[in-house]
Amino acid sequence: MHNPKRQLDFPSLLNARDLGGYPTVDGSETRWRSLLRSDDLAQLTLAGLQAFSRYGIETVIDLRWPEEVALSPTPITRVLKHIRYQQISLLTPTPAEWRARRADKSAKELWNLAMLEQVRAELRQVLEAIATASPGPVLFHCMAGKDRTGLIAALMLALADVAPEAIAYDYAASTENLREPYLKRYADAAEPAAIIDAVQCPEQGVHNMLAYLEKVGGARAYLEEIGVSPEHIAQLRARLRD
């Protein structure tokens with residue numbers, strides 16, 4: 001499943017990759033240079049920004065809260081002004097609202113499933129932004145690029161009929177990408193065991209999510225249920241399927 005072409009060399013991002021080249025259940029594969037996922041773009045060095053621009057990215061969708069953006073400002077609006085930038089908080093508009101809504105702390109294996117139930121309006125907004133973006137590459141990201149970003153990636157791959165094991169692989173890849181760099185970055189701030197736990201993206205979380213989608217009739221039926229139009233669903237699928 002590993003494909004070196006998938007990892008994006010945007011110094012100093014840790015968790016950036018292309019969602020192209022994944023196998024689908026009908027024997028095809030997802031499109032390259034169309035849909036990208038990453039961690040916080042504030043980490044980009046000058047060389048990273050140059051590589052980012054050369055890749056031809058046309059749209060950036062920032063899934064973070066405004067408070068996170070203020071603490072870690074995106075360089076896109078300042079340096080790469082030709083790229084369309086949208087900030088859409090996936091976990092409700094504010095951290096306080098999210099804490100109130102998420103009174104119960106789900107196990108990581110159930111996190112995606114809880115998200116599908118609890119942030120439907122926000123999910124629809126993010127997916128409509130992807131659907132209506134210009135034809136060139138779209139990149140979406142949060143802070144670590146693992147949870148919020150991982151959910152959107154898994155949902156898009158499911159809509160494209162990617163094989164379940166490939167969706168789970170993509171989701172879990174964040175663990176390997178982040179573990180060692182985070183152990184170094186936060187060596188003085190947290191216990192190693194806490195850091196390792198924080199970056200866990202268990203494959204079972206995707207399989208639980210896919211089981212949930214299957215119960216409601218599949219990814220397409222779920223998107224219809226949360227209010228995404230048939231036209232936008234077709235545009236979303238076309239992002240990853242020729």
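**Exercise 1.** How many salt bridges does the structure hold?

*Solution.* This is a predicted model, and the structure holds 11 salt bridges. Let's look at some of them together.

**Exercise 2.** Find the partner of Arg 148 in a salt bridge, and work out which parts the pair ties together.

*Solution.* Start with the atoms: Arg 148 pairs with Glu 68, and their closest N and O atoms are 2.9 Å apart. Next, place each residue: Arg 148 belongs to helix H7 (residues 148-159) and Glu 68 to helix H2 (residues 66-71), so the pair ties together parts that are 80 residues apart in sequence.

**Exercise 3.** Now try Glu 225 and Arg 120: where does each lie, and how accessible are they?

*Solution.* The two side chains meet in a salt bridge of 2.8 Å, N to O. Glu 225 sits in helix H11 (residues 219-225) and Arg 120 in helix H6 (residues 120-131), so this bridge ties together parts 105 residues apart in sequence. Glu 225 has a relative accessible area of 43%, so it is partly exposed. Arg 120, with 25%, is partly exposed too.

**Exercise 4.** Locate the two ends of the salt bridge between Asp 161 and Arg 237.

*Solution.* The closest N and O atoms of this pair are 2.9 Å apart. Asp 161 is in the loop between H7 and helix H8 (164-185), while Arg 237 is in helix H12 (residues 230-240), so the bridge links parts 76 residues apart in sequence. Asp 161 is partly exposed at 31% relative accessibility, and Arg 237 is partly exposed with a relative accessible area of 21%.

How values were computed:
Residues numbered from 1 in each chain as written. Predicted model: local features only at pLDDT ≥ 70, side-chain atom pairs only at ≥ 80, totals over all residues. Heavy atoms only, no water. Salt bridge = Lys/Arg side-chain N within 4 Å of Asp/Glu carboxyl O. Helix = DSSP H or I, 4+ residues; strand = E, 2+ residues; numbered from the N terminus. Buried < 20%, exposed > 50% of the residue type's maximum accessible area, 1.4 Å probe, protein only.
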